[in-house]
Each structure stands twice: as structure tokens, then as C-alpha cells.
Amino acid sequence: AETGSKVWDKARQLEGGVRAPLVLLPGESGDLILAGTTSGFLSALKASDGSEVWRAKTEISIPVAPLVVNTPAGRRILVTLETGVIRALTTDGQFDPKWRVTLGRFGASPVSSPVLSRDGKRFFIIGNDQTLYAINIALAKTDFATPVAGLTDETPAVLGSRVLVAAGENLISVGAGNGVVAWNLKLDGRILGSPAGNASADGKGTVYAGTDAGTLYAVDLSTGKAKWRANIGNSVTGTPLVTPNAIFVGTGNGLFVAVKPGAGTVACR
């Protein structure tokens, strides 16, 4: 990461394809790369040389990123399966039989990767039943399930005490503690990429989201009202990168655009 020099590039044959994001598992003896496969395997590879340390077999495909959490029994790796079942493994690849959760009554397939709350006590994930689930990590149970109407496969974002969900053309703010929808703002097109933004200790902040209509929105975190909207010129294809001096977005025609956060004017392309 410091120099950009190549560490290793050896091919690693895994059991099945990988379509879920990779996750890094830090460890005292070296970091591991966690890769879930379409054949239901979770592989842990050494970040130093790519060699496989262990491999665990689940029942079915792992379509979304695993999540590393702290539980009363120790650190665990949570994997959400295609069936909507969430299972826990120890950091050496052994299943924890005491930790298991199912999304919904019958098992809703996950369409987003999970994201942790600020305090690390629960995580949020969206099912194909268009529902945002909040999972209690210590108790291995669902704290709340909130409907979020609109097609989505974008990972929700946690900003302060809110969970922001991109559901089709809707940008939805849900209370991270109670699951209550605070506001729902309809944008001019489908939101591509997770929302991003910033939040202060008093709950104030700004949410940024781009659409396939080529518009970047800045939305007040508290009220859900648009502060400004910038015409990017082409579809905004991913999660905005928020910095103090600029909001960076990629576009469908291959441009990288910087927008001034205060006024919403395009600084450069």
C-alpha cells in the first residue's frame, strides 16, 4: 500500500467463483483475506503470499461479503448464505453451533453486504424481500425488520444514528436503534452505489447519492431535504468518495469528477 510494488500475483484455485467482496481479517500472526465462493466455501488466504490457511464448507453459495464481529464468545466471522441463513465461524474456520440467524420467517436471500453499527453491537443487511434487517450480534437475533420499498442491491450506509438505504429511486433514512423510517426522498433516477456522507455528534450531516440520470445529490441528514443537486453529465456509477474539500464520483462514460461540497459545483473532470 505504501509503494505500489507487487507483493505476489500467484493464481489461487478456490472452490467456486467469487462474486462477493473480499474482507481482510487482521491477526497477530498476519492478516488473512476472506473469500466466499458460489460453491459455499469460505477460504482464508495469507495476505503475505496468498497461500490458503483454511477452508470451511457451508450449505450453499455465499453471495455477499463476510463480516468480522466481536461476540461474547470471541471474535467471529459471519457469513450470509443464499438461503438467508447467517452462520458464524471462529477465526480458525470452525463453525460456532450457538450462533445462527435466519433473515425473515422463511429465509430472505441477501442482496446487500452487511454493515456494522457504530458501536459494533448490531449489523444491517437487506434481503430480497425489500426489507432492512438489524441483527443483534450478542444475542444472535433480529432486532427489527423495516420494509424499504424499491429494488436495491446496494449496501446500506451508517451515518450517526441513521441507516441510509438506496432503494431504486428512493433514498431512505432509518433509525439505527429503532428501525423507524425518518424520511424518504425520491431522486430523479435509480441510485447506483451506496450512499455516503458525514455526521456530527449532534446528528447533523450530509448524505451524498448519485443516480443513473447523471445527478449527484447532497441531502440534509436530519430533514431529508436536498441541499443541492449537481449535473454530472453521465450516470453516477458508484459510491461517492467524501473528502473535506471535494466529493469524487465515477461516471458511466469513464470520467472521474470532483464536486465542491459547499455549493455543488463541478470543480474538475
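Modeller: I start at glutamate 59, which counts as partly exposed at 45% relative accessibility; buried means under 20% relative accessible area, exposed over 50%, and partly exposed in between, with a 1.4 Å probe and protein chains only. This is a predicted model, in which local features need pLDDT of at least 70 and side-chain atom pairs count only at pLDDT 80 or more, while totals for chains, interfaces and linings use all residues. Residues are numbered from 1 along each chain as its sequence is written, and side-chain values use heavy atoms, with hydrogens and water left out.

The partner of glutamate 59 is arginine 100, and the two form a salt bridge whose closest N and O atoms are 3.7 Å apart. Glutamate 59 lies in the loop between strand 4 and strand 5 and arginine 100 in strand 8, so this pair ties together parts that are 41 residues apart in sequence. A salt bridge here is a side-chain nitrogen of Lys or Arg within 4 Å of a carboxyl oxygen of Asp or Glu. Strands (E, at least two residues) and helices (H or I, at least four residues) are DSSP runs numbered from the N terminus. Arginine 100 is partly exposed, with a relative accessible area of 46%.

Strand 8 takes part in a further pair. Arginine 76 and aspartate 96 form a salt bridge with their closest N and O atoms 3.1 Å apart. Because arginine 76 lies in strand 6 (residues 74-80) and aspartate 96 in strand 8, parts 20 residues apart in sequence are tied together. Arginine 76 is buried, with a relative accessible area of 10%, and aspartate 96 counts as buried at 12%.

A search of the whole structure finds twelve salt bridges. One of them joins the side chains of glutamate 15 and arginine 55, at 3.2 Å from N to O. Glutamate 15 lies in the segment before strand 1 (23-25) and arginine 55 in strand 4 (residues 52-57), so parts 40 residues apart in sequence are tied together. Glutamate 15 counts as partly exposed at 36% relative accessibility, and arginine 55 is partly exposed at 34%. Glu15, Glu52 and Arg55 are linked in a network of salt bridges.

Arginine 55 also meets an aromatic ring: its charged end sits over the ring of phenylalanine 41, 5.9 Å from the centre. The charged end of lysine 57 sits over the ring of phenylalanine 41 as well, 5.3 Å from the centre. A charge sits over a ring if NZ of Lys or CZ of Arg is within 6 Å of the ring centre and within 35 degrees of the ring normal.

Next come the nonpolar residues. Strand 8 also contributes to the core described here. Of the 16 residues in the largest nonpolar core, Leu78, Ile86, Trp99, Leu103, Phe123 and Ile135 touch the most other members. Strand 5 (67-71), strand 7 (85-89), strand 8 (95-102), strand 10 (122-127) and strand 11 (131-136) each supply at least two residues of this core. A second, separate core of 15 residues includes Val23, Leu32, Leu34 and Ile62. A nonpolar core is a set of buried Ala, Val, Leu, Ile, Met, Phe, Trp, Tyr and Cys residues joined through side-chain atoms within 4.5 Å.

Strand 10 and strand 11 have a loop between them, and glutamine 130 lies in that loop. Glutamine 130 has a positive phi of about 55 degrees although it is not a glycine, and it is partly exposed, with a relative accessible area of 30%. Alanine 140, in the loop between strand 11 and strand 12, has a positive phi near 55 degrees and is a residue other than glycine. Alanine 140 is buried, with a relative accessible area of 18%.

The structure holds three aromatic pairs. Phenylalanine 124 and phenylalanine 144 form a tilted pair, 6.3 Å centre to centre with 40 degrees between the planes. Phenylalanine 124 lies in strand 10 and phenylalanine 144 in strand 12 (residues 141-147), so parts 20 residues apart in sequence are tied together. Both phenylalanine 124 and phenylalanine 144 are buried. Rings of Phe, Tyr and Trp (its six-membered ring) pair if their centres lie within 6.5 Å; planes under 30 degrees apart count as stacked, over 60 as edge-to-face and the rest as tilted.
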